[in-house]
Amino acid sequence: MFIDCSEKERFIFKKIAHAAEQLGTECYIIGGFVRDKILGRKTKDADIVCLGDGIELAHTVARQFTPSPKVSFFKNFGTAHIKADDLDIEFVGARKESYRYHSRKPEVMPGTLEDDQKRRDFTINALAVSLSKANYGALIDPFEGMKALEEKIIRTPLDPDQTFSDDPLRMMRAIRFASQLQFSIDENTWNGIKNNIERIHIISRERITDELNKILLSKKPSVGLDLLYQSGLLHVIFPQMIDLAGAEYKDGMGHKDNFYHTLQVVDNIAEHTDDLWLRWAALLHDIGKPATKRFEEGHGWTFHGHEVVGGRMVPKIFARFRLPMDHKMRFVKKLVELHLRPISLTKENITDSAIRRLLFDAGDDIDALMTLCKADITSKNKQKVKRYLDNFEMVRHRLESVEESDRIRNWQPPVTGEMIMEIFGLPPCKQVGDIKNAIREAILDGHIENNYDAAYDFMLTTARALNLEPVK
Ligand code: ATP
Ligand code: MG
């Protein structure tokens, strides 16, 4: 076989070949599976295309196994799926496609293998390996996909303008593959993308977001993000990011280009985490800067409050991209809001109380916050970077030692609101909240210890000042 498959995969492909022979048809492994095998990437799904009915082939393949795997199929699309071992296998009949202007859903009719390869988006995705008896295992590569893999090039098999106009999602896919595989985009293909930017409007937000997430999850997301920017796609799908770009100068004073700074921070964080949401936090950490930018005479550019404004933008951006509006959004929002806190601590004399407040506000997300903060240290000035990193390590140590002695991270109030209501015979009211807050502040400020007895005594004193006495 041209591609290097595991023993289990070879066993499965033999069964598929056998089933095709029984039906008197030809079939091929095609697309991503072939590409990823050649590149030595992990694969877990394989697409099989046959000359004929994909659903019938899937049923015939299923019967080769005992017990037979379940066949799920979609009559309308002529596709079928089975799971054999850990491999997800998709079957479809070879097809020809023609598109209408307002939709990315083509009209479909049966076709040859070559017709089917032509409808694929990129030459690296159009490679096929035969499962037919005559040339079992041979690579069928009419568009020099193998050469493109060697040269690390993304290129469309047909006219790029037509390819991207037919299905504009392919523009996002081209950039996503460039980012995942660290390939470059062929010049004609690139021009085809630039000519069709406005067509992205016919693609659903969810599909765009899927591709953006894959870019964010790639090893060096800045590759894809910069291509989105350079092509003009980012202007359409994510204008708030564009507002970050560029540096303004006044009275000889400039500020850094916050777009490229953000890309650097995303790359930095990608070295330390595969968590999509932490990567989103890196992408959005400075999103409030354009709205808060001011020039102060004699002082320079400031972005006061950009973390608060940025935090407020997070839910809107998540809604726009149809991202989940749940704890994941709240996590990103919280990180954007807090992203300056650890670093601002290094600028002053760090008190235990400031450390306790940070632990209290960040809670369980303190490690994620510190990862973001460290990634945020970017400067061309090496000495500056070193100074920030040293300070950062100092804050990290202080966080550890304060947490060890005070246990603030998952802080639960030693005296609860219910207890206060019962002790003073109060209904739920403002006074209960005031007493609770006073206890919390006293603990965070280090005026009293973080335990029940100290909190109880402090509660009595605070209540007395409000003319309250315990009812029993
Ligand atoms: P991945 O699985 O990493 O997303 P993939 O290339 O396998 O990458 P799939 O969406 O699984 O992508 O699609 C499988 C194959 O179907 C692709 O390799 C390609 O040949 C073809 N394909 C997918 N989407 C398109 C598209 N929008 N236009 C043309 N061909 C496509
Ligand atoms: Mg795939």
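Helix 23 (residues 430-445) has 16 residues. From its first C-alpha to its last it reaches 22 Å, close to the 22 Å expected at 1.5 Å a residue, the expected span being 1.5 Å times one less than the number of residues. Helices here are DSSP runs (H or I, at least four residues), numbered from the N terminus. The model is predicted, so local features need pLDDT of at least 70 and side-chain atom pairs count only at pLDDT 80 or more, while totals for chains, interfaces and linings use all residues. Residues are numbered from 1 along each chain as its sequence is written, and side-chain values use heavy atoms, with hydrogens and water left out.

In helix 23, Val-432, Ile-435, Ile-439, Ala-442, Ile-443 and Leu-444 are buried (under 20% relative accessible area, 1.4 Å probe, protein chains only). The buried residues of helix 23 pack against helix 19 (352-362), helix 22 and helix 24. Just after helix 23, Gly-446 takes a positive phi of about 80°.

Helix 22 (residues 417-424) and helix 24 (residues 452-465) also pack together, at an angle of about 50° and with their axes 12 Å apart. Axes are lines fitted to C-alpha atoms over the stretch in contact, and angles run from 0 to 180 degrees between N-to-C directions. Contact means heavy atoms within 4.5 Å. Helix 22 contributes Met-419, Ile-420, Ile-423 and Phe-424 to the contact. Helix 24 contributes Tyr-452, Tyr-456, Met-459, Leu-460 and Ala-463.

Definitions and conventions: Chains lettered and ligands numbered in written order. Helix = DSSP H or I, 4+ residues; strand = E, 2+ residues; numbered from the N terminus. Buried < 20%, exposed > 50% of the residue type's maximum accessible area, 1.4 Å probe, protein only.
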